[in-house]
Amino acid sequence: MTWRGSTTVKDRIFACLPYLLPVVEVFAFGQFFLTQFPPVQYLFLPLLPLLRIYYGVRYAGLIIFFALFIFVVRNEKISHFIRFNTMQAILLDIIVFLFGVLTDVVGLLPAGGFAVQTLYTTVFLGVVAACVYSMIQSLLGRYAEIPAISDAVYMQLPR
């Protein structure tokens with residue numbers, strides 16, 4: 001759906017970039033999945049320099065989170081397409097954070113090992129799939145409609 005006018009190639013590329021935040025953030029959840037399926041690790045090799053910087057700088061996630069929210073989402077001079085995708089990426093990042101808190105709680109339970117592994121793998125696959133889908137839709141110039149998340153984005157962004 002492209003109801004805010006046509007998107008330029010530059011807008012499409014910039015709309016994909018915020019999705020790197022949840023992908024990098026959810027990478028820690030992929031430890032069990034990536035050890036079970038080692039060939040999948042090669043797909044994440046291009047992100048290795050970004051992962052080193054992200055996890056090497058203290059509070060990098062928090063800084064990037066607020067920078068995107070303040071300077072992109074709340075900036076009406078930036079196209080609605082970019083702001084929509086940025087807000088959707090931020091919400092996916094919030095989901096990753098909340099599941100991180102949940103896995104900390106589940107990990108405290110006795111015999112919670114299998115539950116934690118299952119939760120980690122589910123969150124990893126779900127967020128990566130949502131980000132890849134959103135990036136593809138953005139490159140095609142369409143709004144990525146993810147149930148519940150896109151509705152929350154529409155509530156945050158004025159049309």
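In which helix is T86 found? In this predicted model, T86 is found in helix α6. Its relative accessibility is 1%, so T86 counts as buried, the limit being under 20%. Leaving out residues up to four places away in sequence, T86 touches P18, L68, V72 and V73.

N85 also has its place in helix α6. With a relative accessible area of 0%, N85 is buried. When residues up to four places away in sequence are not counted, N85 touches A15, P18, Y19 and S138. With S138 there is a polar contact as well, made between the side chain of N85 and the side chain of S138 at 3.1 Å.

Apart from neighbours within four places in sequence, F29 is in contact with V96, F99, G100, T103, Y120, T121, V123 and F124.

F124 leads on to the aromatic residues. A pair of aromatic rings is described by the distance of the centres and the angle of the planes. The structure holds 11 aromatic pairs. In one of them, the ring centres of F33 and F124 are 5.8 Å apart and the planes stand at 40°; the pair is therefore tilted, an angle between 30 and 60 degrees being neither stacked nor edge-to-face. Because F33 lies in helix α3 (residues 31–36) and F124 in helix α7 (residues 113–139), this pair ties together parts that are 91 residues apart in sequence. Both F33 and F124 are buried.

F124 also pairs with F44. Here the ring centres are 5.7 Å apart and the planes lie at 45°, so this pair, too, is tilted. F44 belongs to the loop between α3 and α4 (48–56), whereas F124 is in helix α7, and the pair therefore ties together parts that are 80 residues apart in sequence. F44 is buried, as is F124.

Methods:
Residues numbered from 1 in each chain as written. Predicted model: local features only at pLDDT ≥ 70, side-chain atom pairs only at ≥ 80, totals over all residues. Heavy atoms only, no water. Phe/Tyr/Trp six-rings, centres within 6.5 Å; stacked < 30°, edge-to-face > 60°. Helix = DSSP H or I, 4+ residues; strand = E, 2+ residues; numbered from the N terminus. Buried < 20%, exposed > 50% of the residue type's maximum accessible area, 1.4 Å probe, protein only. Contact = heavy atoms within 4.5 Å. Polar contact = N/O pair within 3.5 Å; in protein donor to acceptor, adjacent residues only side chain to side chain.
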